[in-house]
Amino acid sequence: MEETAITIYDVAREANVSMATVSRVVNGNPNVREATRAKVLEVIDRLDYRPNAVARGLASKKTTTIGVVIPDISDTYFATLARGIDDIATMYKYNAIIANSDSDDKKEVHVVNNLLAKQVDGVIFMGNRITDSVRAEFSRSRTPVVLAGTVDEDEQFASVNIDYVSASREAVNQLAKSNKKVAFLSGPLVDEINGQRLAGYKEALKENKLKYTEALIFESKYSYEDGIAIAERIKNSGATAAYVANDELAVGLLNGLLDLGLKIPEDFEIITSNNSPVTNYTRPSISSIEQPLYDIGAVAMRLLTKLMGKEEIEEKTVILPHGIVEKNTTK
């Protein structure tokens, strides 16, 4: 059967379901039983059905569209990454569809399905971690994928990051010069990126002959409000410094500690992770690891164009350089 001859009717008949069910699967509608969905997807793969009439007409051409999955578009870290992606996409004449997953695992799968149903040529994925469900969707679709600012310890996908272990080690080494108790504040430790940051934190403690204690490890959501909410617990832990894995969380912690009457940096020092614009809006401005955020996005997009064009790729796992910018939350 020729590719262009395959219709939704053929898929429905082959999978023994209604055309409405095929339509729901193709459009990423969650109201389909898992077994039915798997069966329909298997038939779509086997028949190489193109659900979109436009894409079907362009079976041999590219749609020149890429999908970008972002956990929180309002977070300046991800917004700056997206800017780098968009500029390079425009240069290579790709349209970018940006989809916000709200850092919600279920919504993330739905968003990925929607992008794949739109027949995008490739996907750039930004998330605090890559879940097994999202991994399975990407593997099944065979669409080229690049991770930006997202760690995949299995190295199944191409990715662009900095060395988070080394960066957090340098930050904590800096704080350990004048602090015996340094707190570690991050999002969930199940996120591989935070696991790497914690490894760097532990290395720095060892180098400075400081004892590792669970009482100084704080997990939180990634938000300004959560930073404020956790400030009292961090102060009560006896810590006099903190390494923070997210800038908005760091701003919340800074303001929370100031509200509790602490002087920054005299009573408490802070180093954050992304040096996004918010770190300069605070008084005092926040010392930070410096990541080439725009470049991470730009390099990820360039890597994706190579994958989509089936070009030779020398290095699938790209690590870009980082630094530390000392501002006014460190002595």
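The paragraphs below go through this predicted model from its overall make-up to single residues.

Residues are numbered from 1 along each chain as its sequence is written, and side-chain values use heavy atoms, with hydrogens and water left out. Because the model is predicted, local features need pLDDT of at least 70 and side-chain atom pairs count only at pLDDT 80 or more, while totals for chains, interfaces and linings use all residues.

The protein contains 13 helices and 12 strands. Both kinds of element are DSSP runs numbered from the N terminus: helices are H or I with at least four residues, and strands are E with at least two. Along the principal axes, the C-alpha atoms fill a box of roughly 75 × 40 × 35 Å. The protein has 331 residues, and 54% of them count as buried. Here, buried stands for under 20% relative accessible area, exposed for over 50%, and partly exposed for values in between, with a 1.4 Å probe and protein chains only.

A contact is a pair of heavy atoms within 4.5 Å. Among the contacts with a separation of 6 or more, 70% are made by residues 24 or more positions apart. The protein has 39 positive and 47 negative charges, and their mean positions are 2 Å apart. In that count Lys and Arg are positive and Asp and Glu negative, with His and the chain ends not counted. Each charge is placed at NZ of Lys, CZ of Arg, CG of Asp or CD of Glu.

Strand β1 is a place to begin with the elements themselves. β1 (residues 65-70) pairs with strand β2 (residues 95-100) in the parallel sense, over six bridges. Two strands are said to pair if DSSP finds at least two bridges between them. Ile66 stands opposite Ala96 in β2. Between the two strands the chain passes through helix α5 (residues 76-91), and this β-α-β crossover is right-handed. The term means that, with the strands pointing away from the viewer, the path from the first strand over the helix to the second runs clockwise. Thr65 belongs to β1 and is buried, with a relative accessible area of 14%. Not counting residues up to four places away in sequence, Thr65 touches Tyr94, Asn95, Ile97, Val120, Asp121 and Gly122.

Strand β6 (residues 182-186) is mostly covered, with five of its five residues buried. Val182, Phe184 and Ser186 point one way from the strand, Ala183 and Leu185 point the other way, and all are buried. β6 pairs in the parallel sense with strand β8 (residues 241-244) over four bridges, and with strand β7 (residues 217-219) over three bridges. Phe184 takes part in both pairings: it stands opposite Tyr243 in β8, and its bridge partner in β7 is Ile217. Together with helix α9 (residues 192-207), β6 and β7 make a right-handed β-α-β unit.

Next comes a residue in a loop. Lys316 is found between α13 (293-308) and β11 (317-319). Lys316 is partly exposed, with a relative accessible area of 35%. Leaving aside neighbours within four places in sequence, Lys316 is in contact with Glu155, Gln156, Phe157, Ala158, Ser159 and Leu303.

Some backbone details remain. A cis peptide bond joins Ile264 and Pro265, with omega about 10 degrees; Pro265 is in the loop between α11 (247-259) and β9 (269-272). Another cis peptide bond joins Arg283 and Pro284, with omega about 0 degrees, and Pro284 is in the loop between α12 (278-281) and β10 (287-290).

Asn16 is not a glycine, although its phi is positive at about 60 degrees. Asn16 lies in the loop between α1 (8-15) and α2 (19-26) and is exposed, with a relative accessible area of 68%. Asn275 also has a positive phi without being glycine, with a value near 50 degrees, and is found in the loop between β9 and α12.
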